[in-house]
Amino acid sequence: MTNGRAVTIDPGELGFSPERLARIEAFLDERYIAPGKLAGALVSVSRFGEPAYHCVLGHADVERAVPLADDTIFRIYSMTKPLTSVAFMMLVEEGKVALDDPVHRYIPAWRGLGVFAGGTRSTGFATTPTASPMRIVDLLRHTSGLTYGFQMRTNVDAAYRMGKIGEIEKAGTLDSFIADLAHLPLEFSPGTAWNYSVSTDVIGYLIGVIAGEPFEDFLQRRILDPLGMTDTGFHVPADKAHRFAACYQPKAGGGIALQDDPATSAFLKPPAFVSGGGGLVSTAADYMKFGLAMLNGGTLDDHRLIGRKTLDLMTANHLPGGVDLPAVSKSLFSEAAYDGVGFGLGLATSTSAARTLIPGSDGDYFWGGAASTFFWVDPAEELVAVFMTQLMPSSTYPVRRELRTLVYSALDD
């Protein structure tokens, strides 16, 4: 059963078939909630800036029998990245930094970073010089040569794991994170390949350096407060802890097991390491506000975040040679790896909807988080969709592509 509010506007007035939209709830309940594959799920869809569909299913906390609700707070992990990237582009618009600036201009200790040629963290690394310096654009589009420890692919990944580099619950700080990376090699010469990585955490650090204030304060002042994203932040305050969802993982033999208890979660306290790549918690309503601002060309309710042409630049494909992700990706894991999908400045973009084999539009853009959350914006259809749940890893089920299929099949205009 749906736990949340009903949409008051007739979906038919927004170009949707109500009967086909009703398939979404039935599908999620039958396929995922009733069998215990997901504890709960929330779907919110807007079109032409108006709410078109909303359903809330299952539980926020199975162990305590807490139903999922409209105001449930979720770990959005990598859905932090688009917010951080927009924040950085504000500084680009103000002329304080340029996309082709070398990163070592702002992090001098990185000037001599080399490319992995052999060795391990314990024996020492051999490196070769980069063909060209890492640039700001490489961080935004993940062509920097940095990595994530969870990629489980190379000796460099292993060094990240050993040092817990980029892990949200690490005891270090943004400053120590940057210092640690100065001693590790790059996976490849910047600009030559794509690898899902800690690059956006570095962007968060650079925001603090360039803006002259802590990254989290800049994000609060320039994006969260203007948009009224009152439930979004880097921790869950004590007076909102009762709204915080549990996070789960698949259990051997079927079902789910508790992965992060909301009563003892590290997200209940302000973090030492403020992660621009994956540190935020949020609600579906808050993230919808961000999605609507993006759909509206960077503005919502008279609050302009970035200019329309800046947003166009962000959502263009910036991969080397204009290719798709699979052509240049070295990642074993990413939140998107389809044919027909490129990558812009902080999020993925569909370069050919036909090649993805999923309904959508050329030029729609999207990203997801490690706990299976997801959002997309489709300018051609003037559509924004937000999906919230809490199951790690996000690769467990194809629910995102299934949801896209269900939403687009309900269009009736």
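Modeller: The expected span of a helix is 1.5 Å times one less than its number of residues. The model discussed here is predicted.

Biologist: What distance does helix α2 reach from its first C-alpha to its last?

Modeller: Helix α2 covers residues 80–93, which makes 14 residues. At 1.5 Å a residue, a span of 20 Å is expected. The reach in the model is close to that expectation, at 20 Å.

Biologist: How many residues of α2 are buried?

Modeller: Buried means under 20% relative accessible area. Helix α2 is largely enclosed by the rest of the structure, because the buried residues number 12 of the 14.

Biologist: Which residue with a positive phi follows α2?

Modeller: The phi in question is near 75 degrees. The residue that has this value after α2 is Gly95.

Biologist: Which residue meets Arg222 in a salt bridge?

Modeller: Side chains of opposite charge can pair when their charged atoms come close. For Arg222, the N to O distance in the salt bridge is 2.8 Å. The pair links distant parts of the chain, 128 residues apart: Arg222 lies in helix α7 (residues 215–227), and its partner in the loop between α2 and β5 (115–120). Arg222 is partly exposed at 22% relative accessibility, and its partner, partly exposed at 36%, is Glu94.

Biologist: Why are Arg141 and Asp138 separated by about one helical turn?

Modeller: An α-helix has 3.6 residues a turn, so residues three or four places apart point the same way. Both Arg141 and Asp138 are buried, and their salt bridge has its closest N and O atoms 3.1 Å apart. The separation is about one helical turn because, in helix α3 (residues 136–141), the two lie apart by 3 residues.

Biologist: How many salt bridges does the count come to?

Modeller: A pair is counted when a side-chain nitrogen of Lys or Arg lies within 4 Å of a carboxyl oxygen of Asp or Glu. Asp71, Asp231, Lys240 and Arg243 are linked in a network of salt bridges. By this rule the count of salt bridges comes to 18.

Technical notes: Residues are numbered from 1 along each chain as its sequence is written. This is a predicted model: local features need pLDDT of at least 70, side-chain atom pairs count only at pLDDT 80 or more; totals for chains, interfaces and linings use all residues. Side-chain values use heavy atoms; hydrogens and water are left out. Helices (H or I, at least four residues) and strands (E, at least two) are DSSP runs, numbered from the N terminus. Buried means under 20% relative accessible area, exposed over 50%, partly exposed in between (1.4 Å probe, protein chains only).
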